[in-house]
Structure formats: C-alpha cells, structure tokens
Amino acid sequence: MQQAAVVSSVQAVPPSGWVRRFTPLLPPGLCLDLACGGGRHTQWLLAQGRPVLALDRDPAALHALQQLGAETMLHDLESGPDGVNWPFGEHTFDSVIVCNYLHRPLFPHLLSSLKEGGLLIYETFSDGNAQFGRPSNPDFLLRTGELLQQMQSNPLVQMQIIAYENGVVETPRVAMVQRICARKASALTALDSLCLRTAAL
C-alpha cells in the first residue's frame, strides 16, 4: 500500500511515445532525466530496471521519485552566469532524456556530459505550437530544424542521428514538436570523421 501511495503522488501522465520507442536502445548505466517535472519518465525507466538521476528545480515530485528508487537532484539549471548552471562533468551519463524543456545554452554541456556511445532522447515544442496553445513564446519553441543544429553545438562532440521528427503529435494533446534520438560517437569515430572532412577540403 505504501508503494502504491508513492506512485500515486508522482504525476500520472504516461511516458512519451518517443521515449518508449527508443528505450530499448538505451545503453546500460545511469540515465539523466533532465528537468524531470512530475517524473513520468523516471518512473518509466525505473520500471524497466534502469538506474536514473532525476533532476528538477521543483521539489514537488523528487521525494516520491526517491522513494521509488531514483537518485534525485534539486537544482536550477538556469541560475548561473549567462543563464547556465550545469553541475556535471564530461562523460558522466550513459543516456540523457529531455522532454518538454528548452534552454538553449545547455546543449553544449549536455552533449559533453554524455559518455561515448551514450544516447540522447530529446523531445520538446517547436515553431507553430502557438496555434494549439502553450507554450507560444519563441524562447520555448525550437526553430525549424534547430534540434538537428543543436547536435553540432559542441565542436568537441559528434552526434550520430538515429531518428528525427518535426511535426504535429496528437497525444497527450495536440502539439507541434521536434524530437530526436542521437548517439554520441566514440573519440575514434569522431576523429575518423574529422580526417575525412579535412581530406575532402
């Protein structure tokens, strides 16, 4: 009964279909659920037997997620100089999941903190979402193709795109979204790619 009470205190929204689709590709090891909100993806990953660090600046759901077995971190990612307060070093996480959150200055740091071979699953609102409701502020809407461009935001990191979509989704409500699944290349793969590009010049 206590476990059921804990689960009921976590946001009762199903995990994103995009996250569910690519969960089988997640490598073993720690997953960061960035800006986890109500914890729907942390709860989903825990149910798959995966270790999770759930990070958010709102403590509301973190205690319940901790009781479910997640590691939690109360932290404001936007509180530092130039709006960035990234608390992690390089090569920290085997995977990162981000849904319905956008703060552009974080992208280079996020990519750096993925381990080689690590997987990024990212989904958030895109240009055109205003016709369906919030968010409508351009600060919180990806520009057309921007998520692909952000995969190149850190010159020291090469991301290999597995899947990318930009369009209207029907669930959990109608919205315009961009979403991507990408894997961080190994240093050797990235070096080979750089040599090929250099040779082509």
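The structure is a predicted model, in which local features need pLDDT of at least 70, side-chain atom pairs count only at pLDDT 80 or more, and totals for chains, interfaces and linings use all residues. Residues are numbered from 1 along each chain as its sequence is written, and side-chain values use heavy atoms, with hydrogens and water left out.

The secondary structure of the chain comes to seven helices and seven strands. Helices (H or I, at least four residues) and strands (E, at least two) are taken as DSSP runs and numbered from the N terminus. Read from the N terminus on, the elements follow the order α-α-β-α-β-α-β-β-α-β-α-β-β-α. Of the 201 residues of the chain, 45% count as buried; buried here means under 20% relative accessible area, exposed over 50%, and partly exposed in between (1.4 Å probe, protein chains only). Among contacts in the chain with a separation of 6 or more, 57% come from residues 24 or more positions apart, a contact being heavy atoms within 4.5 Å.

Turning to the sheet, seven strands form an open arrangement in the order β3-β2-β1-β4-β5-β7-β6, with mixed pairing. β3 (71-74) and β6 (159-169) stand at the edges with a single partner strand each, so one side of each is left without a neighbour in the sheet. On average, neighbouring strands of this sheet are turned by 15° against each other, direction ignored; the axes behind this angle are lines fitted to C-alpha atoms, for helices over the stretch in contact, and angles run from 0 to 180 degrees between N-to-C directions. Two strands are said to pair if DSSP finds at least two bridges between them. In general, strands of a sheet pair through backbone hydrogen bonds, either parallel or antiparallel.

Both senses of pairing can be found here. Strands β1 (residues 31-34) and β2 (residues 52-56) run parallel and are joined by three bridges, with Val 52 in β2 as the bridge partner of Cys 31. β5 and β7, by contrast, pair in the antiparallel sense over seven bridges. β6 and β7 also run antiparallel, joined by ten bridges, and in β7 the partner of Gln 160 is Arg 183. A hairpin links β6 to β7 through five residues. β7 itself is mostly covered, with nine of its ten residues buried.

Helix α3 (residues 40-47) has four named residues in the buried class: Arg 40, His 41, Thr 42 and Leu 45. Their cover includes α2, β1, β2, α4 (62-67) and β4. Following α3 comes Gly 49, whose phi is positive, near 80°.

A few backbone details deserve a look. As a rule, most residues other than glycine have a negative phi, and most peptide bonds are trans. His 91, with phi near 55°, has a positive value; it is placed in the loop between β3 and β4 (93-99) and counts as partly exposed at 40% relative accessibility. Asn 100 also has a positive phi, near 60°; it lies in the loop between β4 and α5 (107-112) and counts as partly exposed because its relative accessibility is 42%. The peptide bond from Arg 134 to Pro 135 is cis, with omega near -5°, and Pro 135 is found in the loop between β5 and α6 (146-150).

Grid points are joined across faces, edges and corners, and a volume is the space filled by probe spheres set on the points. The second largest pocket has a volume of about 310 Å³. Its lining takes in 18 residues, of which Ser 16, Arg 40, Glu 123, Thr 171 and Pro 172 lie nearest the centre. Elements giving two or more residues to this lining are α2 (17-22), β5 (114-125) and β7 (175-184). By class, the lining of this pocket has nine nonpolar, four polar and five charged residues, where Ala, Val, Leu, Ile, Met, Phe, Trp, Tyr, Cys and Pro count as nonpolar, Asp, Glu, Lys and Arg as charged, and the others, Gly among them, as polar.

Terms used: 1 Å grid on protein atoms, 1.4 Å probe; cavity = no way out; pocket = protein on both sides within 12 Å on 5 of 7 lines; lining within 4 Å.
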